[in-house]
Amino acid sequence: MDFHPTEEQAAAAGLAARIFSDLATHERLVATGTGSDAELWKALTAAGLTAAVEEIGLLGLVLLLEEQGRTTAQVPYAATCVYGILPVAAHGSPEQRARLLPALGSGEAVATGAFPARGRITAEHGRTTAEHGWLTGTVPAVPWLRDATHVLVPDTDRTLWLVRTDAPGVRTSPVETTAPWSAGRLALSGAAAEPIGSDSAYEHTLAAARTAFAGLQAGVCAGSLARAVEYTSTREQFGRPLSTNQGVMLRAADAHMDTEAIRVTTYEAAWRIDQGLPAHEHALTAAWWASEAGKRVVHAGQHLHGGMGADLDHPVHRHFLWGRQLDAYLGCGSELLAELGASIAEGEQA
């Protein structure tokens, strides 16, 4: 395993860090509300950071998503890349790649996925059936659907279909989630769709989605912890900084170790997927760490801010909301652990 970024990956991550830090400020995020920042999205696509994902791979995308997570920037970057560029590049036909990738890379088209990163298609989440290329079903909450021009939809047989949001038989309506992900409800009634890839496309896309959103969580946690460190280092109590309190130091140290565990398991899963190696259990492991440890870290970040952490307008609260939203989207720790155990047991019996 080699987690050292290539020159291209490092350059892309550095550029992303500058754009996110310059434009995804607290003031702009407050002004954006629950929607997406169109100016920031335009800056990212103009810089080539969306189109670059096809070249820098999933590990490169994870590095960029960490930078988004640090600032909780409200743009459909993760969704477009993991549910649009990567699956089309890996599983699309030559015609689909030629038609879709330029539009997705330039930001003219925005993609999202109508399935949870947890992978299970349940009645609560919504079931979609396909008959001769026509889709019917409802998905209660799809992240960044309000921005999307295309939605990647799995049917009950786990075949992937790409649907245009302006196609006949497609209805969307806004939905508010814990984090401001510009989400929406997707209702399909005999909607025309085009298939993407073969039977293996679903599992590959699911593993990539779990890994990518785990990378986003690593950034959210790093941003939350950085805010807590800054606050406790400058806030004084009884004549000395809060950071000199042993309890504060231990809580921050635990949060740091949890964040690093999310990062290293995510890097491993991304590297294996990029190398074409089996990564189902590795993606599940990364998702479990992102769910369980991520929840601990954002709680710690808010707790270390003391009374300020209870202020809904404080920047750290946004990290808390994103951390909890990602925990739910990834499937929550117990569900992921059960799936991981079943996968391991199945492998031992084979």
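The following is a working conversation about a predicted model.

Biologist: What should I know about the model before we start?

Modeller: The model is predicted, so to speak of local features pLDDT of at least 70 is needed, side-chain atom pairs count only at pLDDT 80 or more, and totals for chains, interfaces and linings use all residues. Residues are numbered from 1 along each chain as its sequence is written, and side-chain values use heavy atoms, with hydrogens and water left out.

Biologist: How many bridges join β2 to β3?

Modeller: Four bridges join strand β2 (residues 128-131) to strand β3 (residues 134-142), and the two run antiparallel. Strands are DSSP runs of E, at least two residues, and helices are runs of H or I, at least four, numbered from the N terminus. Two strands pair if DSSP finds at least two bridges between them.

Biologist: Which residue stands opposite Leu135?

Modeller: Ala130 does. In the hairpin, two residues lie between the strands, and His132 takes a positive phi near 55 degrees.

Biologist: How many bridges link β3 and β7?

Modeller: Seven, in the antiparallel sense, with β7 spanning residues 184-192. Trp134 stands opposite Ala192 there.

Biologist: Turning to helix α10, is Gln325 buried or exposed?

Modeller: Gln325, found in α10 (residues 315-330), is buried, with a relative accessible area of 12%. Buried means under 20% relative accessible area, exposed over 50%, and partly exposed in between (1.4 Å probe, protein chains only).

Biologist: What does Gln325 touch?

Modeller: Not counting residues up to four places away in sequence, Gln325 touches Thr177, Thr178, Ala179 and Trp181; contact means heavy atoms within 4.5 Å.
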